[in-house]
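Have a go at each task before reading its solution.

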Amino acid sequence: MSMVLPDVVGFKLLGIRDGVTTTDLVLIVTQMVRKHGVVGDGVGKIPFADRATIANMSLEYNATMWLFPVDEVMIQYVRFHLCRHVKQVNLGSIY
């Protein structure tokens, strides 16, 4: 059986500096992954609930984490399911 495998992008994290939050870290990693071109157009077709399942089960396929981009699907979920203030949602969408 043969299988086409995607390129792997990894990060070596050595710690977090004082004053930097884990949210800051995630946003920086997201920005770097986008620049690398890892995020394709197809991810926008995956519903939020399916993304959550994929990320939640990452240990099952030996990944330590799974990261989806902040896009319209994510923003809509936050807006309607987490009842976040519009200002907060808009701030998150800037990244």
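This is a predicted model: local features need pLDDT of at least 70, side-chain atom pairs count only at pLDDT 80 or more; totals for chains, interfaces and linings use all residues.

Residues are numbered from 1 along each chain as its sequence is written, and side-chain values use heavy atoms, with hydrogens and water left out.

**Exercise 1.** Work out the fold pattern and what share of the residues is buried.

- Start with the elements: the protein has 4 helices and 0 strands, taken as DSSP runs numbered from the N terminus (helices H or I, at least four residues; strands E, at least two).
- Reading along the sequence then gives α-α-α-α.

**Exercise 2.** Find the buried residues of H1 and say how they sit around the axis.

- First check the helix itself: H1 has 15 residues and reaches 21 Å from first C-alpha to last, close to the 21 Å expected (1.5 Å times one less than the number of residues).
- Next, pick out its buried residues: Val29, Thr30 and Val33.
- They cover an arc of only 105 degrees, so they lie on the same side of H1; the arc is that of the directions from the helix axis to the C-beta atoms.

**Exercise 3.** Is arginine 51 buried or exposed, and which residues does arginine 51 contact?

- Locate arginine 51 in helix H2, residues 48–56.
- Its relative accessibility is 2%, so arginine 51 counts as buried.
- Now list contacts (heavy atoms within 4.5 Å). Setting aside neighbours within four places in sequence, arginine 51 touches Val43, Gly44, Ile46, Phe68, Pro69, Asp71, Val73 and Met74.

**Exercise 4.** Take two residues from that list, proline 69 and valine 43: how far apart are they in sequence and in space?

- Proline 69 belongs to the loop between H2 and helix H3 (72–81).
- Proline 69 is buried too, because its relative accessibility is 9%.
- Now the pair: proline 69 and valine 43 are 26 residues apart in sequence, with 8.4 Å from C-alpha to C-alpha.

Terms used: Buried means under 20% relative accessible area, exposed over 50%, partly exposed in between (1.4 Å probe, protein chains only).
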